[in-house]
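Trainee: I would like to learn to read this model feature by feature. Please take me through it.

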Amino acid sequence: MCRVCIVRVRVASLEADLAARYIDRTESMRRWVAQRSECAVGYVRMCDCEEKAGLAEFARAFTLEAETSRALVLDIRGNDGGHVAGVVLSRLCLRTLGHDLPRRGRPVRWPAGAAPPGPCVLLCDECTSSDGDCLAWAFRRLGLGVVVG
């Protein structure tokens, strides 16, 4: 005779799961932008304007995307705010003045970490708040590119 045992399971969302989903969504957007632009446009996402999450995420992605792209999309939709918009703006205002030609390897933009030479677009929405709003306002005011949202 076959016995059936019923077990009740309660599923709880883990904070690590949310972080993994966020990273997956960000990477899929980066791939989508690269595919549509034939790798000419970089994508940088900032979840907030705090040092630990948003600024670290910006620094990692911006350094890579600025070196390899001709244009940039900065996505701050849903940005909770913080206090590092000034640091982000200083990086976006830094323009390429020349190129360093090493003996080995490929030419590198100088100064290091300069914004891409092409256009920049900033994406924001109704959930962008506090320092994220300041970032969008200053981006437009400084003429760094187009603000969408």
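Trainee: Is Glu-38 buried or exposed?

Mentor: Start with the cut-offs: buried means under 20% relative accessible area, exposed over 50%, and partly exposed lies in between (1.4 Å probe, protein chains only). Glu-38 has a relative accessible area of 72%, so Glu-38 is exposed. Two notes on conventions. This is a predicted model, in which local features need pLDDT of at least 70 and side-chain atom pairs count only at pLDDT 80 or more, while totals for chains, interfaces and linings use all residues. Residues are numbered from 1 along each chain as its sequence is written, and side-chain values use heavy atoms, with hydrogens and water left out.

Trainee: Where is Glu-38 placed?

Mentor: Elements come from DSSP: helices are H or I runs of at least four residues, strands are E runs of at least two, and both are numbered from the N terminus. Glu-38 lies in the loop between α1 and β1 (41-45).

Trainee: What should I note about phi of Glu-38?

Mentor: Most residues other than glycine have a negative phi, and most peptide bonds are trans. Glu-38 has a positive phi, near 55°. Cys-39 also shows a positive value, near 65°. Cys-39 is in the loop between α1 and β1, and at 55% relative accessibility it counts as exposed.

Trainee: Which peptide bond is cis?

Mentor: The one from Trp-110 to Pro-111, with omega near 0°. Pro-111 sits in the loop between β4 and β5.

Trainee: How do I read confidence here, and where is it lowest?

Mentor: pLDDT is the predictor's confidence in each residue, from 0 to 100. Where it is low, the predicted coordinates should not be read in detail. In this protein the mean is 87, and 94% of residues reach 70 or more. Strand β4 (residues 108-110) has the lowest confidence, at a mean of 83, and β5 the highest, at 96.

Trainee: Which strands does β5 pair with?

Mentor: Two strands pair if DSSP finds at least two bridges between them. β2 and β5 run parallel, joined by four bridges. Leu-72 has Cys-120 in β5 as its bridge partner. β5 also runs parallel to strand β6 (residues 146-148), with three bridges. There, Leu-122 is partnered by Val-147 of β6.

Trainee: What unit do β5, α4 and β6 make?

Mentor: A crossover is right-handed if, with the strands pointing away from the viewer, the path from the first strand over the helix to the second runs clockwise. β5, α4 and β6 make a right-handed β-α-β unit.

Trainee: Which residues of the largest nonpolar core touch the most other members?

Mentor: In soluble globular proteins, nonpolar side chains tend to be buried together. A nonpolar core is a set of buried Ala, Val, Leu, Ile, Met, Phe, Trp, Tyr and Cys residues joined through side-chain atoms within 4.5 Å. The largest one here has 25 residues, and Leu-74, Ile-76, Leu-92, Leu-122 and Leu-135 touch the most other members. At least two core residues come from each of α2 (51-68), β2 (71-75), α3 (85-93), β5 (120-123) and α4 (131-141).

Trainee: What does Leu-122 touch?

Mentor: Contact means heavy atoms within 4.5 Å. Not counting residues up to four places away in sequence, Leu-122 touches Leu-74, Ile-76, Leu-135, Ala-136, Phe-139, Val-146, Val-147 and Val-148.

Trainee: Is Thr-26 buried or exposed?

Mentor: Thr-26, in helix α1, has a relative accessible area of 5%, so Thr-26 is buried. Leaving aside neighbours within four places in sequence, Thr-26 contacts Tyr-43, Arg-45 and Glu-57.
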